[in-house]
Amino acid sequence: MEKEPMFSAKILKLFTDPINKGNPITVLILGICSALAVTVKLEPALVMAVSVTIVTGFASFIVSILRNTIPNRIRIIVQLVVVAALVILVDQILRAYAYDVSKQLSVFVGLIITNCIIMGRIEAFALGNKPWPSLVDGLGNGAGYGLILVIVAFFRELLGSGTVLGFQVVPESWYMKNGGFYENNGLMILPPMALIIVGLIIWIQRSFNKQLIEK
Amino acid sequence: MENIISIFVKSVFIDNMIFAFFLGMCSFIAVSKTVKTAVGLGIAVIFVLGITLPVNYLLNKYLLTPGCLAWISPGLADVDLSFLSFIIFIAVIASITQLVEMVVEKFAPALYSSLGIFLPLIAVNCAILGGSLFMQERGYANLGEAVSFALGSGTGWFLAIVGIAAIREKLKYSNVPAPLRGVGITFIITGLMGIAFMCFMGIKL
């Protein structure tokens with residue numbers, strides 16, 4: 001059998017596809033649960049995006065190594081245990097080095113376990129492919145998820161609090177209380193706006209990619 | 001008793017799993033095309049939450065909370081196993097869903113054929129694991145409160161998915177902009193329903 005180079009065009013496509021055309025959130029509708037609750041501020045969203053990318057990549061990698069030894073009937077439990085072990089690692093690291101963010105994320109770090117992206121990629125890809133493509137596919141899907149997360153969080157923080165990553169972006173003198181004309185949109189901080197923003201992102205993305213439109 | 005009822009009402013309306021925490025969104029969007037399947041999945045979620053959450057509550061109380069192992073022997077009093085909670089909770093949920101699937105298949109074939117495909121899906125439904133994690137974080141005082149929280153969140157989830165399925169059935173007849181059709185409009189409607197549900201916020205029980 002011919003050996004494939006480490007970074008062939010096919011491997012690269014595995015990474016770039018999930019970022020736009022096969023985006024896990026806007027096209028495959030996976031992993032929305034945790035995506036929306038952590039996007040009030042940009043910082044927890046970034047941490048979440050990195051954590052999910054790492055867990056998805058390595059879970060796919062490990063399951064792909066084990067794929068020929070897992071009995072089919074109990075594969076879901078085995079997969080969940082692999083993912084849970086990785087998530088415990090991420091959780092402990094966050095608690096040790098980024099305690100404030102880990103407090104803000106609260107149960108959503110644990111909920112990475114049931115993030116459908118991870119299970120979805122393991123079921124759909126890692127069980128039938130070699131470890132290296134599985135790792136790339138996992139990382140790509142994590143990155144696609146992270147991208148949407150960061151876009152949503154950016155707009156929610158900018159419009160809802162007038163800050164980006166905690167820095168004041170909207171000038172203080174614009175605010176009503178300082179005699180200006182501007183007021184933060186309080187609705188943006190509330191959970192339902194995350195859904196509406198994702199809906200709008202889907203709208204924009206599909207107007208550019210006509211083949212994604214549903215009948 | 002009063003406390004138990006208020007936890008139930010609170011978890012149905014105020015802390016609704018879907019509208020306040022977005023838990024179980026994946027299956028919420030994927031399986032809400034018709035009311036019939038939505039009802040099936042909703043009942044399955046109430047059922048599985050009602051079984052797994054009390055089990056996880058007992059495990060949490062007697063195995064995982066720091067210092068709780070003292071009931072075995074005083075020497076174990078300062079053991080802290082709380083870092084194991086994710087793996088134990090998810091193992092309990094996955095094995096109970098598999099067990100429930102087998103039991104239902106054996107003893108209630110009619111129910112199985114209507115719930116069948118949804119049961120395996122539920123193992124990875126965030127609402128189930130989320131329920132257990134919230135239970136751990138909020139520290140309910142006794143088993144009754146945990147059961148009431150489980151049934152309440154399940155019912156809230158059921159109401160939400162049946163509601164959106166009913167709206168989506170009607171939506172077939174409206175002229176939605178093409179790129180927004182299907183998933184896009186479902187997101188926006190869920191957001192609007194969430195805003196409506198927010199009128200329950202701030203109610204003190």
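This is a predicted model: local features need pLDDT of at least 70, side-chain atom pairs count only at pLDDT 80 or more; totals for chains, interfaces and linings use all residues.

Reader: OK. How many helices and strands does chain B have?
Author: Chain B has 10 helices and zero strands. Read along the sequence, the pattern is α-α-α-α-α-α-α-α-α-α.

Reader: What does chain B span along its principal axes?
Author: The C-alpha trace of chain B spans about 70 × 45 × 35 Å.

Reader: And what share of chain B is buried?
Author: Buried residues make up 50% of its 205 residues. The accessible surface of chain B is about 9000 Å². Carbon and sulfur atoms account for 72% of that surface.

Reader: What about contacts in chain B, how many link residues 24 or more positions apart?
Author: Take the contacts with a separation of 6 or more. Of these, 78% are between residues 24 or more positions apart.

Reader: New topic. What is the volume of the largest pocket?
Author: About 600 Å³. It is lined by 26 residues, and the closest to its centre are A:R95, B:S85, B:L133, B:Q136 and B:E137.

Reader: Which helices supply at least two residues of that lining?
Author: From chain A, α4 (75-97), α5 (99-105) and α6 (107-110). From chain B, α4 (35-64), α5 (85-107) and α8 (126-138).

Reader: How does the lining divide into nonpolar, polar and charged?
Author: The lining of the largest pocket has 11 nonpolar, 10 polar and five charged residues.

Reader: You named A:R95 there. Which side chain does A:R95 meet in a salt bridge?
Author: The side chain of A:D91, at 3.3 Å from N to O. Both residues lie in helix α4 of chain A. They are four residues apart, about one turn of the helix.

Reader: Is A:D91 buried or exposed, and why?
Author: A:D91 counts as buried because its relative accessibility is 6%, and buried means under 20%. A:R95 has 44% relative accessibility, so A:R95 counts as partly exposed.

Reader: Show me another. Which residue forms a salt bridge with A:D137?
Author: A:R121 does, with the closest N and O atoms 3.0 Å apart. A:D137 lies in helix α8 (residues 131-161) of chain A and A:R121 in helix α7 (residues 116-124) of chain A, so the pair ties together parts that are 16 residues apart in sequence.

Reader: Is A:D137 buried or exposed?
Author: Buried, at 3% relative accessibility. A:R121 also counts as buried, at 16%.

Reader: Back to chain B. Which side chain meets B:R138 in a salt bridge?
Author: The side chain of B:D15, at 3.9 Å from N to O. This pair links distant parts of the chain, 123 residues apart. B:R138 is in helix α8 of chain B, while B:D15 is in the loop between α1 (2-14) and α2 (17-21).

Reader: Is B:D15 buried or exposed?
Author: B:D15 is buried, with a relative accessible area of 18%. B:R138 counts as partly exposed, at 31% relative accessibility.

Reader: Which residues are linked in a network with B:D15?
Author: B:K10 and B:R138; together with B:D15 they are linked in a network of salt bridges.

Notes. Residues are numbered from 1 along each chain as its sequence is written. Chains are lettered from A and ligands numbered from 1 in the order in which they are written. Side-chain values use heavy atoms; hydrogens and water are left out. On a 1 Å grid over the protein atoms alone, a cavity is a set of points where a 1.4 Å probe fits but cannot get out, and a pocket is an open set with protein on both sides within 12 Å along at least five of seven lines; lining residues have an atom within 4 Å of a point. Grid points are joined across faces, edges and corners, and a volume is the space filled by probe spheres set on the points. Ala, Val, Leu, Ile, Met, Phe, Trp, Tyr, Cys and Pro count as nonpolar, Asp, Glu, Lys and Arg as charged, and the others, Gly among them, as polar. Buried means under 20% relative accessible area, exposed over 50%, partly exposed in between (1.4 Å probe, protein chains only). Contact means heavy atoms within 4.5 Å. Accessible areas come from the Shrake-Rupley method with a 1.4 Å probe; for residues, only the protein chains shown count as cover. A salt bridge is a side-chain nitrogen of Lys or Arg within 4 Å of a carboxyl oxygen of Asp or Glu.
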